[in-house]
Amino acid sequence: MAIGDAIYHGTGRRKNAVMRVRLVPGSGKVTINGREGRQYFGRDALLNYALTPFKITDTVKHFDVVATACGGGVAGQAGALRHGISRALLEAGNYRDDLKKAGFLTRDSRMVERKKYGLKKARKRPQFSKR
């Protein structure tokens with residue numbers, strides 16, 4: 001990395017997952033918690049889902065992604081990575097219209113509903129017996 005290269009930061013959240021993302025000008029390499037992206041997620045579909053902001057903004061091989069993940073599972077972390085990349089791209093250039101139109105700047109507020117007492121799960125009730 002040369003002196004004067006810009007580093008762009010973004011924080012993404014999804015369910016209980018939080019990703020702190022840094023975008024560094026480079027060749028498109030993805031590193032999460034010190035591991036390569038495909039190895040970390042284990043599925044190409046999750047990595048492709050996380051990298052969709054680059055496809056929307058036509059910056060596919062322009063940035064290296066260095067991310068730190070904590071909390072949640074792999075699907076939530078992939079969503080958090082997508083959100084973090086989108087936020088970091090806002091600093092990198094004039095991509096707000098494209099990202100907003102695609103819905104990548106909105107934090108997905110859906111969370112797992114808590115279990116209630118007297119029930120088996122959040123909404124599942126015990127079997128009703130008439131007699």
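Predicted model: local features only at pLDDT ≥ 70, side-chain atom pairs only at ≥ 80, totals over all residues.

Trainee: What makes E1 and E2 a pair of strands?

Mentor: Two strands pair if DSSP finds at least two bridges between them. Strand E1 (residues 8–14) and strand E2 (residues 17–25) are joined by 7 bridges. They therefore count as paired, because the definition asks for at least two. They run antiparallel. Residues are numbered from 1 along each chain as its sequence is written, and side-chain values use heavy atoms, with hydrogens and water left out.

Trainee: What lies between E1 and E2 in their hairpin?

Mentor: There are 2 residues between the strands. In this hairpin, Lys15 has a positive phi near 50 degrees.

Trainee: How do you know that E2 pairs with E5?

Mentor: They share 8 bridges, in the antiparallel sense. Arg20 has Thr68 in E5 as its bridge partner.

Trainee: Why is Asp58 called exposed?

Mentor: Buried means under 20% relative accessible area, exposed over 50%, partly exposed in between (1.4 Å probe, protein chains only). Asp58 has 63%, so it is exposed. This residue sits in the loop between helix H3 (52–57) and strand E5 (63–70). Its phi is positive, about 55 degrees, although Asp58 is not a glycine.

Trainee: And why is Asn33 called partly exposed?

Mentor: Asn33 has a relative accessible area of 36%, so it falls in between. It belongs to the loop between strand E3 (30–32) and strand E4 (35–36).

Trainee: What makes Arg38 and Asp44 a salt bridge?

Mentor: The term needs a side-chain nitrogen of Lys or Arg within 4 Å of a carboxyl oxygen of Asp or Glu. Here the closest N and O atoms are 2.9 Å apart. The pair therefore qualifies. Arg38 is partly exposed at 42%, and Asp44 is partly exposed at 44%.

Trainee: How many salt bridges does the whole structure have?

Mentor: The search finds 5. Among them is Asp108 with Arg110, at 2.8 Å from N to O. Asp108 is partly exposed at 24%, whereas Arg110 is exposed at 56%.

Technical notes
Helix = DSSP H or I, 4+ residues; strand = E, 2+ residues; numbered from the N terminus.
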